Amino acid sequence: MSSRLGRFCEMIMEAGWLLAVVMVPLFFNLNTATVFEPDKAALLQVIVWIMVLAWAVRFLQRPTAWALGRVGRAIRSGSTTDVVPVEEPEDDYDPPSVIITALDEPLPPDLPSPPLQWPSIWLPNLVEILAVAWGLLLIVATALSVQGWSSLLGSYTRAQGVLALLGYVAVFLLLAGNLRSRAQVERLFLAVTLSSVPVAVYAIVQAAGLDPLPWGAPSGTVASTLGNASFLAGYLVLALPMSLTGLLLILAPLRGSLRRDTPRGLGVLVPIVGNLALLVAVYLPTLLVQLAALVLTNAWYAVLGAVLAVLLLALFVLAVALLSLSSRLIQTAGVVAVLVGAVALALALTGAVALALTDMTPAQAISLDSLGTVRALIWPGARAVVTDWPSPNPDGDLWAPLRPAVGYGPETFAYAFNQVYPLDLMQSAEGGGLVDRPYNTLLLVTGELGYIGLALHLALMAVAFLGGLFAVVRGRSVYHRLALAGAMAALLAWLVYAQFYPVPTAGWLFFWVLLGVLVAVGRQARERPKEGQAYRGQALADPQRAYALLTGLMLLGATGTVFYLANFAFTRWESLPTELAILAGPWAVLAIVVGLANWGVGVWWRRRLSAPADSAAADVEAESRRRDRVIEVTRLGWTILFLLVAVAAVLVSLGLILVAVNNMGTLVEVNAQATPELVVLLVLVAVALGVVGVALSLKRAAVPFKPFTWSGLIAFGLVVLGAGIIKLLLIGVVFLTVYQPMQADILTKQAQATEQAGQGDRSIALYQQVIALTPNRDWTYTFLARAHVQVAQAISASAQRDAQMEQGIAALEQGRALNPLNPDHSAELARAYVTWAGMAESAAVQDTRIEKAGAYYEAAVRLTPHNIKLLREMADMYFKHSRLAEAARGYERIVTLAPDDAAAWGYLGLIYSQQKKTDQAIAAFEKLITLVPDRYEPYLELAKLYQGMGNQAKALDMAQKALQRAPDTAKPVIQQLINELEQ
């Protein structure tokens with residue numbers, strides 16, 4: 001059994017994954033420029049580092065406790081006083097150790113001291129081996145990435161760099177090693193259920209046009225706290241089967257409680273009432289709002305995934321019911337039902353591979369919703385990436401032979417995709433921008449991590465499914481089977497969703513959490529439970545439902561506090577005392593109440609246990625009953641107290657948020673001047689305290705906290721000393737990867753606001769602070785350059801104007817040096833030179849700048865050869881500045897790529913006309929007529945050309961056709977030409 005410190009570290013780890021599944025979907029930050037995905041990823045990183053620190057402290061106990069145990073036994077062996085320890089009931093939070101074993105309690109003095117055994121590694125589950133291999137592949141792919149900074153830090157809008165991706169793996173490993181009891185599983189499912197309520201309700205409020213927050217989106221837009229409709233659907237499609245599974249876990253013990261042979265009385269009635277209340281008040285309403293919000297997203301492939309998940313879950317529930325019966329024939333039917341589910345999962349995996357890597361899917365099958373057209377255009381290019389493996393760098397790729405094996409690196413799919421960008425996508429209304437990932441997870445994984453990554457990804461799911469199916473058949477209880485069935489159903493929903501939409505941060509987190517549930521529960525299902533640890537939902541002395549609800553409310557309270565601090569707090573140094581009084585006041589009162597109750601209950605508990613036994617009740621059985629009653633009263637009192645505390649916590653947080661939303665206009669103005677470092681610091685501290693608070697809610701009421709012994713205090717000090725070094729390292733990592741980036745993002749939003757208000761100098765100063773905080777993020781230099789250009793355009797003095805333009809171009813050059821594969825940097829440099837050319841006071845200077853702009857346009861086109869929009873910008877620039885030869889070459893490249901581009905043929909006709917290339921001009925205008933036969937301009941230009949050639953008949957014919965198609969404003973000019981031709 002692990003020490004109290006070890007158990008508390010285990011509680012910290014569980015609190016971490018619970019807070020992650022609650023806070024990541026709910027959190028957004030109106031103070032930052034990105035608002036959603038990077039902020040969610042940053043928050044998850046903080047939680048992961050806290051979990052890692054707790055694991056490290058727990059790990060360090062083993063050698064420390066071994067040494068102190070030997071010293072303690074030596075001291076006790078020299079003492080003549082025999083100390084009889086008071087027998088106390090143990091805390092029932094006792095999951096077995098994680099994959100890497102930690103400290104056991106020091107042995108009693110009468111046992112020999114074992115030799116020091118360094119931490120040993122169990123034979124891990126195959127899924128865990130694959131997960132570790134996945135993490136190693138992420139590191140290798142990042143080291144060999146075509147763009148190292150992008151792979152390390154992630155993109156501006158998604159922030160899914162290697163640190164975030166490794167965080168998911170860490171959550172999986174810690175969860176798989178520490179999720180070891182039914183209560184933990186039920187807390188997880190209940191936490192997901194409770195946290196989905198505000199997400200789904202907010203989506204319904206948005207659909208009704210009642211959104212109180214100033215997003216600037218059209219009324220009725222459904223995005224909730226996830227950022228867009230497809231991300232919201234991706235979260236709900238996972239939450240719905242998990243909530244349904246939680247409901248089934250509530251129903252399962254009710255069946256046993258209602259059997260005829262079950263004793264009647266208060267010990268049975270209270271849990272039954274609690275279960276029914278939780279069922280009616282939480283699970284059923286939540287499922288209804290989840291379903292309504294999912295339908296409102298109009299993400300029909302997500303709805304399809306949810307339907308398939310529910311069907312699979314229903315099949316597995318039937319199988320579980322059959323396997324629970326005693327008849328061999330009926331149990332065989334249950335096995336057959338599981339095999340049918342296995343076939344369904346195999347077909348789903350096979351279909352996912354076929355959908356991603358083949359062209360067999362008909363277009364109508366992927367155009368079920370508004371994103372269908374985009375998928376049909378993106379997928380061919382994405383397939384070309386993973387089959388042809390084009391080099392994103394026109395100057396060559398050192399690791400090109402390894403790309404099929406390890407891919408281009410995390411967050412680098414866009415750079416390879418630019419080389420094969422489909423023309424139809426470029427010309428569509430949705431295309432033309434930087435496509436950072438395909439609408440298919442298998443294509444994304446293959447492009448970024450190669451065929452090894454694809455194999456590992458498929459193996460992870462296949463092995464997890466196989467292990468889950470095996471455990472469903474061989475599981476020792478209905479609980480194990482239902483939990484496994486729910487996890488597999490949710491993973492099936494994820495699999496369907498992930499083949500048609502980009503997966504958000506919450507989606508990836510839940511994917512790894514579900515894998516962890518399959519591993520942990522599957523392992524538990526195959527183990528024989530310890531004596532006395534079988535779950536009894538009807539026992540009053542073990543009120544697990546109340547504990548789970550307590551933890552869920554604490555999770556919502558902690559999330560509400562963090563949410564308030566990030567979005568609505570008056571986060572300026574001068575308002576800090578007031579803010580802390582508002583936030584800390586209620587929590588301090590609650591802490592004092594809990595502390596006094598802890599002390600009082602502890603004193604009462606020890607007095608009752610140490611009271612001399614009555615002579616009439618001196619027998620062992622009566623004494624045992626008396627002690628059990630004391631423990632039951634203690635547990636019940638603690639449960640009621642903590643539930644009241646949790647309800648108060650939720651009400652405090654909810655009150656803060658409602659007051660803030662009611663004064664939204666004032667708060668937005670205040671937050672525009674918020675102190676960024678204070679905002680981030682308060683959020684990070686609140687997250688850390690939230691993890692600790694939730695961990696304390698996991699402390700069961702069997703035993704109040706007891707004082708440490710001297711040896712315990714020494715062990716605690718030594719462990720903290722050793723963990724302090726790790727903590728400092730983790731603080732440094734959080735400072736560099738979370739604190740500074742979040743602070744920079746808040747400054748970016750403030751700079752954008754000042755830039756829109758016309759305060760160019762102020763925005764430049766803010767952008768410079770952003771770059772000082774995050775010098776390796778290339779996009780910040782683009783923001784700075786745009787601010788310089790805006791200031792330059794408002795200056796009349798040429799010297800000052802040129803100085804601003806030079807600084808802007810220098811910033812763009814720095815961004816391009818950091819990420820030379822991003823065509824946007826070269827394109828922005830070209831546009832800056834075009835703007836600067838318009839400010840030139842001499843033709844020579846203007847020509848020089850146009851030459852520079854053309855060179856940068858060419859560099860951008862090399863990075864994305866099919867980008868006809870960039871080609872058009874370059875050709876239009878040359879045409880506007882009367883550089884006809886260069887313009888003609890640009891338009892010729894356009895029509896080579898897109899032969900039906902009417903605008904390019906029109907410009908070519910005009911240029912050939914001015915160059916006296918009559919035959920080529922006629923051919924260009926005739927091609928234009930075949931493309932747009934109803935326009936009058938090509939007929940008019942042909943009439944002029946034929947007139948110049950002396951072919952009056954053809955000229956007159958073309959002029960008359962032009963007159964038939966021309967608007968009234970153009971007819972006088974055409975009629976005059978006809979009159980001239982008729983003379």
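Me: Is Val 295 buried, partly exposed or exposed?
Reply: In this predicted model, Val 295 has a relative accessible area of 36% and is therefore partly exposed, since buried means under 20% and exposed over 50%.

Me: Which helix holds Val 295?
Reply: Val 295 belongs to helix H8, which covers residues 266–296.

Me: What share of the contacts links residues 24 or more positions apart?
Reply: Among contacts with a separation of 6 or more, such residues account for 77%.

Me: Which residues of H32 are buried?
Reply: They are Ala 921, Ile 922, Ala 924, Phe 925, Leu 928 and Ile 929. Viewed down the axis of H32, the buried residues fall within an arc of 160 degrees, so they line one face of the helix.

Me: What do the buried residues of H32 pack against?
Reply: They pack against helix H31 (902–914) and helix H33 (937–949).

Me: Which residues are exposed on the other side of H32?
Reply: Asp 919 and Thr 930 are exposed there.

Me: Now salt bridges. How many does the structure hold?
Reply: The structure holds 19 salt bridges. One of them joins the side chains of Glu 10 and Arg 58, at 2.4 Å from N to O. This pair links distant parts of the chain, with Glu 10 in helix H1 (residues 4–26) and Arg 58 in helix H2 (residues 37–77), 48 residues apart.

Me: Are Glu 10 and Arg 58 buried or exposed?
Reply: Glu 10 is buried, with a relative accessible area of 1%, and Arg 58 also counts as buried, at 2%.

Me: What about Arg 849, which residue is its partner?
Reply: Arg 849 forms a salt bridge with Asp 802, and their closest N and O atoms are 4.0 Å apart. Arg 849 lies in helix H28 (residues 843–863) and Asp 802 in helix H26 (residues 798–818), so the pair ties together parts that are 47 residues apart in sequence. Arg 849 counts as buried at 11% relative accessibility, whereas Asp 802 is partly exposed at 21%.

Me: Where are Asp 901 and Arg 872 found?
Reply: The side chains of Asp 901 and Arg 872 meet in a salt bridge, 2.6 Å from N to O. Asp 901 is in the loop between helix H30 (884–897) and H31, while Arg 872 is in helix H29 (residues 868–880), 29 residues apart. Asp 901 counts as buried at 7% relative accessibility, and Arg 872 as partly exposed at 23%.

Methods: Residues are numbered from 1 along each chain as its sequence is written. This is a predicted model: local features need pLDDT of at least 70, side-chain atom pairs count only at pLDDT 80 or more; totals for chains, interfaces and linings use all residues. Side-chain values use heavy atoms; hydrogens and water are left out. Buried means under 20% relative accessible area, exposed over 50%, partly exposed in between (1.4 Å probe, protein chains only). Helices (H or I, at least four residues) and strands (E, at least two) are DSSP runs, numbered from the N terminus. The arc is that of the directions from the helix axis to the C-beta atoms. Contact means heavy atoms within 4.5 Å.
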